Structure formats: C-alpha cells, structure tokens
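Please open the model in your viewer and keep the sequence panel beside it. The tour goes from one selection to the next and says what is found at each stop.

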Amino acid sequence: MGRVSNPYLYETLKMMIGQMIVVQTKKNIQQGHLTSILPDHIVIEINRTPFFIRMEEIVWVTLAIT
C-alpha cells in the first residue's frame with residue numbers, strides 16, 4: 001500500500017464508495033459512480049467505463065444530486 005498524500009480526502013472518499021459523486025480536477029469536472037479508492041487514485045465509473053483519477057489532481061469532490 002502506498003503513502004496517502006491527503007489523509008482527510010482519502011477518509012472522506014472512503015465514506016463515499018458506492019455513491020454517485022462529482023469530482024473537480026485541475027482540467028475538468030467528472031461525474032460518476034465511485035467504485036474504489038486507493039492511496040494514490042480513485043476509480044469512478046461513467047457509463048460502465050472506469051476512469052482513474054489521481055488524488056493529486058482532485059480540487060474538490062461532492063455527492064451528486066440525483
């Protein structure tokens with residue numbers, strides 16, 4: 001297991017696993033189903049396609065309004 005760069009974000013995201021989230025990265029905004037979280041990246045599923053987002057790229061994250 002790697003080193004967690006932002007332990008507060010990591011713990012918050014762990015509570016969101018299985019839910020729809022919105023993630024603002026340095027480049028764009030992604031919305032999808034949070035399927036897993038690892039120390040260096042998260043995996044969100046958008047239209048059954050997994051997307052890997054590095055923790056360092058995340059600006060903010062919130063639950064999606066459905």
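Select T25, K27, N28, Q30, F51, F52, I53, R54 and E57, which together line the largest pocket; a pocket here is an open set of points on a 1 Å grid over the protein atoms alone where a 1.4 Å probe fits, with protein on both sides within 12 Å along at least five of seven lines, and lining residues have an atom within 4 Å of a point. This is a predicted model, in which local features need pLDDT of at least 70 and side-chain atom pairs count only at pLDDT 80 or more, while totals for chains, interfaces and linings use all residues. Residues are numbered from 1 along each chain as its sequence is written, and side-chain values use heavy atoms, with hydrogens and water left out.

The volume of the largest pocket is about 170 Å³, a volume being the space filled by probe spheres set on the grid points, which are joined across faces, edges and corners.

Next, go to Q24, which is found in strand β1. Is Q24 buried or exposed? Its relative accessibility is 16%, so Q24 counts as buried, given that buried means under 20% relative accessible area, exposed over 50% and partly exposed in between (1.4 Å probe, protein chains only). Leaving aside residues up to four places away in sequence, show the partners that Q24 touches, namely I29, E57, I58, V59 and W60, where contact means heavy atoms within 4.5 Å.

Now select helix α1 (residues 7-16), where L9, Y10, L13 and M16 are buried. Looking down the axis of α1, you will see that these buried residues line one face of the helix, because they fall within an arc of 120°, taken from the directions from the helix axis to the C-beta atoms. Y8 and M15, on the other side of α1, are exposed. Just after α1, stop at G18, which takes a positive phi of about 95°.

Finally, zoom out to the whole protein, whose secondary structure comes to 1 helix and 5 strands, following the pattern α-β-β-β-β-β along the sequence.

Terms used. Helix = DSSP H or I, 4+ residues; strand = E, 2+ residues; numbered from the N terminus.
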